[in-house]
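These are my notebook entries on one protein chain. I set down what I looked up, entry by entry.

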Amino acid sequence: MVEERPDSGPPLAARLAISWLTNALVLAIVAGLLSGVTVKNVGSLLAAAAVFGVLNTVLKPLLRFITLPLAILTLGIAWFFVSMLMLDITDAIVGGFHINGFWTLVWATLIVWLVNMLLDFTPGPWQVTGKRRRRRRRMGI
């Protein structure tokens with residue numbers, strides 16, 4: 001008999017779906033605010049959200065580890081460029097999602113960061129995954 005932990009939260013499939021839809025929301029906000037970010041249709045937005053989520057889960061931690069010495073020297077600024085790279089790779093992989101120009105990429109990265117920061121402090125279903133879930137548990141919510 002398998003005993004479930006009391007605060008294990010929703011099943012993995014639900015957590016993945018929430019994470020995916022949260023990424024789609026964040027990217028939709030970016031596309032809505034910046035004329036240089038274009039999304040062909042909802043399918044492209046969902047594909048970009050999936051790719052962005054996988055990159056942030058798999059590649060970003062590895063790149064953050066590799067760039068740790070540089071991040072220490074630059075007081076964390078190097079990790080901003082790692083985040084920019086995740087968006088740039090998403091742009092390169094997903095055909096209907098485009099970020100036009102370096103400065104648009106910079107602004108898009110800032111908006112993603114700001115929206116994620118707002119989501120970190122706003123209670124909602126997106127807090128059942130990853131860092132947000134751990135923060136909620138520490139805060140006793």
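What share of the contacts in the protein chain with a separation of 6 or more comes from residues 24 or more positions apart? I find that such pairs account for 62% of them, a contact being heavy atoms within 4.5 Å.

**Entry 1. Conventions.** I am working with a predicted model, in which local features need pLDDT of at least 70, side-chain atom pairs count only at pLDDT 80 or more, and totals for chains, interfaces and linings use all residues. I number residues from 1 along each chain as its sequence is written, and side-chain values use heavy atoms, with hydrogens and water left out.

**Entry 2. Overall layout.** I count six helices and two strands in the protein chain; these are DSSP runs numbered from the N terminus, helices being H or I of at least four residues and strands E of at least two. Along the sequence I read the pattern α-β-α-α-α-β-α-α. I looked up the accessible surface, which comes to about 8900 Å², with 71% belonging to carbon and sulfur atoms; the areas are from the Shrake-Rupley method with a 1.4 Å probe, and for residues only the protein chains shown count as cover. Of the 141 residues, 37% are buried, where buried means under 20% relative accessible area, exposed over 50% and partly exposed in between (1.4 Å probe, protein chains only).

**Entry 3. The core.** I looked up the largest nonpolar core, and it has 27 residues. Such a core is a set of buried Ala, Val, Leu, Ile, Met, Phe, Trp, Tyr and Cys residues joined through side-chain atoms within 4.5 Å. Leu 27, Val 30, Val 37, Leu 87 and Phe 97 have the most contacts inside this core. At least two core residues come from each of helix 1 (12-33), helix 2 (42-66), helix 4 (77-93), strand 2 (97-99) and helix 5 (102-121). Setting aside neighbours within four places in sequence, I find Val 37 in contact with Val 30, Ala 31, Phe 97, His 98, Ile 99, Thr 104 and Ala 108.

**Entry 4. Helix 1.** The expected span is 1.5 Å times one less than the number of residues. I list Thr 22, Asn 23, Ala 24, Val 26, Leu 27 and Val 30 as its buried residues.

Entry 5. Ser 44 is placed in helix 2 and, at 11% relative accessibility, counts as buried. Beyond four places in sequence, I see Ser 44 touching Val 39, Val 94 and Gly 96. Leu 63 also lies in helix 2 and is buried at 18%. With the same exclusion of neighbours within four places, Leu 63 contacts Val 82, Leu 85 and Met 86.

**Entry 6. Helix 4.** I find 17 residues in helix 4, reaching 25 Å from first to last C-alpha, close to the 24 Å expected. Its buried residues are Ala 78, Val 82, Ser 83, Met 84, Met 86, Leu 87, Thr 90 and Asp 91. Their cover includes helix 1, helix 2, helix 3 (68-73), strand 2 and helix 5.

**Entry 7. Helix 4 against helix 5.** How do I describe two packed helices? I use the angle between their axes and the distance between the axes. The axes of helix 4 and helix 5 come within 9 Å and cross at roughly 105 degrees. Helix 4 is therefore roughly perpendicular to helix 5. Phe 80, Ser 83, Met 84, Leu 87 and Asp 88 of helix 4 make the contact, together with Phe 102, Leu 105, Val 106, Ala 108, Thr 109, Leu 110 and Val 112 of helix 5. Axes are lines fitted to C-alpha atoms, for helices over the stretch in contact, with angles from 0 to 180 degrees between N-to-C directions; under 35 degrees counts as roughly parallel, over 145 as roughly antiparallel, 65 to 115 as roughly perpendicular and the rest as oblique.
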